[in-house]
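Morning, everyone. I have one structure to show, and I'll keep it short. Have a look first.

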Amino acid sequence: KSNNVDVKVAKSELETDEKGMEEESTRESDSNILDVSSDYPREKHISIQRRLADLEKLADVKEDEKKPCPLCPEEKFRACYNHKLHRHLQNLHWKVSVEFEGYRMCICHLPCHPVKPNLIGDQTFSKMGAHYHCIICSATITRRSDMIGHINRHVNKGETESRFITVPAPKSSLEVLKESATDVQVLPNYSTPHKTDSYFNPKMKLNRQLIFCALAVLAEERNPIECLDAFGATGIMGLQWAKHLGSSVKVTINDCNENSVTMIQENCHLNKMKVKLNIKEEDHDEAVGDEEGNTDTIEVTKMDANVIMHLRSFDFIHLDPFGTSVNYLDSAFRNVRNLGIVSLTSTDISSLYAKAQHVALRHYGCNIVRTEYYKELAARIVIAAVTRAAARCNKGIEVLLAVALEHFVLVVVRVLRGPSPADDSAKKIRYLIHCQWCEERIFQKEGNMVEENPYQQLPCDCHGSMPGKTAVALGPLWSGPLYNTGFLRRMLFEAVQYGLDEAQPLLKTLVCEAECTTSKHFSTHSPYDENKQEECGVYIKTPNTAAESYLLQGKRRSDEVIRSAAKRQKSENSAEHPAFYYNIHRHSIKGMNMPKLNKFLNYLSEAGYRVSRTHFDPMGVRTNAPLAQFKTILTKYSTPTYTAGQAEGPVHLTEGVLAEQVQAAAAVKAEDVEFLEDNKSGVTAAVFTNDYTTHCAAD
């Protein structure tokens, strides 16, 4: 009997195995049919369907039978008839689905999403995790809004196939943008740096034009020059350099992202340029592109920015990371050639513009507050960090250009090798004493001796007239000039030559600001007609002064020329532009109409002060006049808001102006002022009584 029982059990096991094999074969055949009918390489989840009818077919609905929901467990939704199940599928699953390329990702209540166990054991099965299944990567996401964002990220990265791998975006999804006769291909989300590999910001066009002008000026001094775009992204900047400057530059575009490197190569081919690929991990060079009529070659590298700047030397380096650039300054100054140029763009505006002061202290080691001159303060913070990094490499700097606009802070410096220039540059880093009452400011004096009363350095007397501490120490900051006039004039000449219309107005403003003069006295002659062009204590080669040039194949000719030029530079230091500026609206007087800005500049100039407008603030005035004189002249040429027939005009004058500048107030007699001061309460009461009786009579 036992043998018969064993035989029967064996036969039953064989029958069940055969049935299981048949079911698996039918499932495989069904999955093969799904794969052939769909565009995706693997089987989709049952919650992903094209039509509501396909979802109903999964339940195998019949009128005379009860069927469960295919996307809900039995504990959540019991088996029901056709009409009720159809209404359930339509309202609960289909209406809240996420659509993508003709498919609907319906909400799923099956226990395929991990759910944290509840404290009460009875509620564990009653609350199943409702979720969506991604059609691309099969991820399970709880919220519908998160699922939409998840799908959009896949689309932005070009991942539209049903497998979770990073694939290059199809050519149909790429957009072609044109800037300065240079074409670049970008992804649809090119303006979001966190979500794309090909970040391209059209608002930074002015920044790219300024950097191009600086490189064009350097290309006139030495030929050829090796330049590096350390953060290529789409490669737009390096392509513009190679396309317009030609054989005078050797362009290297670097990026550490593989997709960005691929995009840069495609953009090089789009602009008909040869590509020399240099990838460190593979240790081989590959030349791509064999156009016979074009000899321009761009080297594309895939390295970390710090690594390539440590390994190679360049004449021109541009840093444009996302955020702060302090992490790359030491590498940039390590191997940069003598009299080369380093330009950097900082986009961490929140920290530089004193919105996140703790971040500025962490990145730049500076204590700052929000002031009326916060943009120039940001530029001096960046230059101070650049100076310290250069000094650690025994190099000094000469600031050629500093621009702070809405979206970025651009700093361009020339590198001077040697411990002496490094010491001279380091001495220009000082602290700034800023009065929080009147916005007066002054750099601390040189020296290490501690002063008993640092408030005495301020021109104002707020500390004596106001209680408590009135001033703060900001910095350390760069206290030297922000511009080099000769370099700016040559940049303007290059901008006119290459037709860079957006950069020309800003460069004209910068030249006026560097010379601290108004636009009426601005001359736009060609800089190459000048016989003397002095920068950084040395002479720069020009076509008309080849005999006086110190540059011979990128080296200095003699020390005597440098010393004599340094003496001339010291004699011209007295003509440097004043530090910081005043906002005319910030210091306007209540109840007074201030004059027009151009007229006010003329008034300051007639008073014997140097004055100019500034690009940092459209209503800012850069002048060497003290704040007290600035307010005096502003008050003198301001007119009262109210007419003489109204009693409120003199009252506003006595409250707002009389305490500071009685003699400069607008046409109010001293006797009337004294009368108003003595009888101010009586006049107020009389006016109130008259108003009250008038209202009572009217009622």
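Helices here are DSSP runs of H or I, at least four residues, and strands are E runs of at least two, numbered from the N terminus. The contact uses T485, L488, R489, M491, L492, A495 and V496 of α15. From α16 come Q504, L507, K508, L510, V511, A514 and E515. Contact means heavy atoms within 4.5 Å. By class, that contact has 9 nonpolar, 2 polar and 3 charged residues. Nonpolar covers Ala, Val, Leu, Ile, Met, Phe, Trp, Tyr, Cys and Pro; charged is Asp, Glu, Lys and Arg; the others, Gly among them, are polar.

A word on the source. This is a predicted model, where local features need pLDDT of at least 70 and side-chain atom pairs count only at pLDDT 80 or more, while totals for chains, interfaces and linings use all residues. Residues are numbered from 1 along each chain as its sequence is written, and side-chain values use heavy atoms, with hydrogens and water left out.

Now the sheet. In what order do the 3 strands of the open sheet lie? The order is β1-β3-β2, with antiparallel pairing. Pairing takes at least two DSSP bridges between two strands. β1 (48–49) and β2 (98–100) are at the edges with a single partner strand each, so one side of each has no neighbour in the sheet. β2 is joined to β3 (residues 103–105) by 3 bridges. Within that pair, V98 sits opposite M105 of β3.
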